[in-house]
Structures are given as C-alpha cells and as structure tokens.
Amino acid sequence: MVGWRPRAISSRSSAEPSLKPLIDHLHGAFHRRDHPAQRWVDGFVWALIIASLLLLGVDLALVTEGAEGQIPLLETVDTVITWLFTIEIVLRIATFRPPSLAVFKVGPARLLRTHVVGRIRYCLQPLVLVDILAVLALHPALRGLRALRLLRLLRGVKMFRYANPLLGVFQAF
C-alpha cells in the first residue's frame, strides 16, 4: 500500500474529556457580547463591584468615626470579593484569543508567541490595567487601591461608545 501511514495513537483516552468546550464557553462568557453566559458574568461582576464599593464606604465611614481597626467580618468579605475579582481577571486573561489567530494559521512556535504577545497587549489595555491594579489590593500595603474598583464601572458603561475622552490620556503614557 503506497502512501499508507499508521494512525497516530493519541495519548488521550476516549473516556478523558476534552477541555476545548470548556475553554470555548469561558472565552464566550468573557469576550463575546453575543454569548448567553456573558450577561451572567457581567451581572455577577457588577454585583461584586457594587458590594465592594458599599464595603469601602462602610469602612471609610467607620474610620472617620474613629473606630479602631477594621471589623473582621468586613475585612473577610472584602478579601473574598477581591479573590473573586482575581479569579475573574485570571480567567479573562487566560481565555483571551488574539484576533490574528482567527485569520492566520501558524506553526506551534509562532502560535505560542502570538498567544503570549496577544495576552500582554490585552493586559496593557487601560480598563484591564485598572482591573489588575484593583486586584493588587489583596496585598495589605496596597489596600488603598480598592478605590480603583469604582473605575471598573466604566467597563460596562456605554457612554464612551463613539469617542473615549480618556483614550488620549492613556495613549500619552
């Protein structure tokens, strides 16, 4: 038989589930506006932002009244919310697909480079940088960055649909 080659034996058994459907679903939930799960993700993130801002307001009110230290329950809830933000940011970055991969077929080395460079570019977008800085509030010395969560509200607001006045400021740096 000319041209016959044995089939490659896959290391994955037929019982082992593929992660591709899960990754595709997560990509749609975080990056595609037409995906049904995207509304749930946005609603959950909005609820977390509002809860976080309420906690920040309560914390500031207690500090101005002269209360010593933080209430342990408020601190615990704030830490849990910050960890949920961290998981959300990590999933956003991990499921990002560079747009050029939808157009060009590339080899394995170029594929890896495109994914890494694409994710770095994604992380350098202004609103993603705000998200990353807000997550850094997990470190006790950076607790003041919690106020940046207010800027996360800009992600969902459609007031910058046609012209983003902050874009020129961010591009200057």
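User: Which residues lie nearest the centre of the second largest pocket?

Analyst: Those are Pro-98, Ser-100, Thr-114, Gly-118 and Arg-121. They belong to a lining of 15 residues. Keep in mind that this is a predicted model.

User: Okay, and what volume does that pocket have?

Analyst: The second largest pocket comes out at about 240 Å³.

User: Switching topic. How many salt bridges turn up in the whole structure?

Analyst: The search finds five. One of them pairs Lys-20 with Asp-24, with 3.4 Å between the closest N and O atoms.

User: Where do Lys-20 and Asp-24 sit relative to each other?

Analyst: Both are in helix α1, which covers residues 20-31. They are four residues apart there, so about one helical turn separates them.

User: Is Lys-20 buried or exposed? And what about Asp-24?

Analyst: Lys-20 counts as exposed because its relative accessibility is 52%, and the cut-off for exposed is over 50%. Asp-24 has 27%, so it counts as partly exposed.

User: Got it. Which residue does Arg-32 meet in a salt bridge?

Analyst: That would be Asp-34, at 3.2 Å from N to O. Arg-32 is partly exposed, with a relative accessible area of 36%, while Asp-34 is exposed at 60%.

User: And Arg-33, what does its side chain pair with?

Analyst: Arg-33 forms a salt bridge with Asp-42, and the N to O distance is 2.9 Å. Arg-33 itself counts as exposed, at 54% relative accessibility.

User: New topic: where is Val-130?

Analyst: Val-130 is in helix α5, which runs over residues 126-135.

User: Buried or exposed, that Val-130?

Analyst: Val-130 counts as buried because its relative accessibility is 10%, and buried means under 20%.

User: Last one. How far apart are Val-130 and Arg-149 in sequence, and how far in space?

Analyst: In sequence, 19 residues separate Val-130 and Arg-149. In space, their C-alpha atoms are 7.9 Å apart.

Conventions. Residues are numbered from 1 along each chain as its sequence is written. This is a predicted model: local features need pLDDT of at least 70, side-chain atom pairs count only at pLDDT 80 or more; totals for chains, interfaces and linings use all residues. Side-chain values use heavy atoms; hydrogens and water are left out. A salt bridge is a side-chain nitrogen of Lys or Arg within 4 Å of a carboxyl oxygen of Asp or Glu. Helices (H or I, at least four residues) and strands (E, at least two) are DSSP runs, numbered from the N terminus. Buried means under 20% relative accessible area, exposed over 50%, partly exposed in between (1.4 Å probe, protein chains only). On a 1 Å grid over the protein atoms alone, a cavity is a set of points where a 1.4 Å probe fits but cannot get out, and a pocket is an open set with protein on both sides within 12 Å along at least five of seven lines; lining residues have an atom within 4 Å of a point. Grid points are joined across faces, edges and corners, and a volume is the space filled by probe spheres set on the points.
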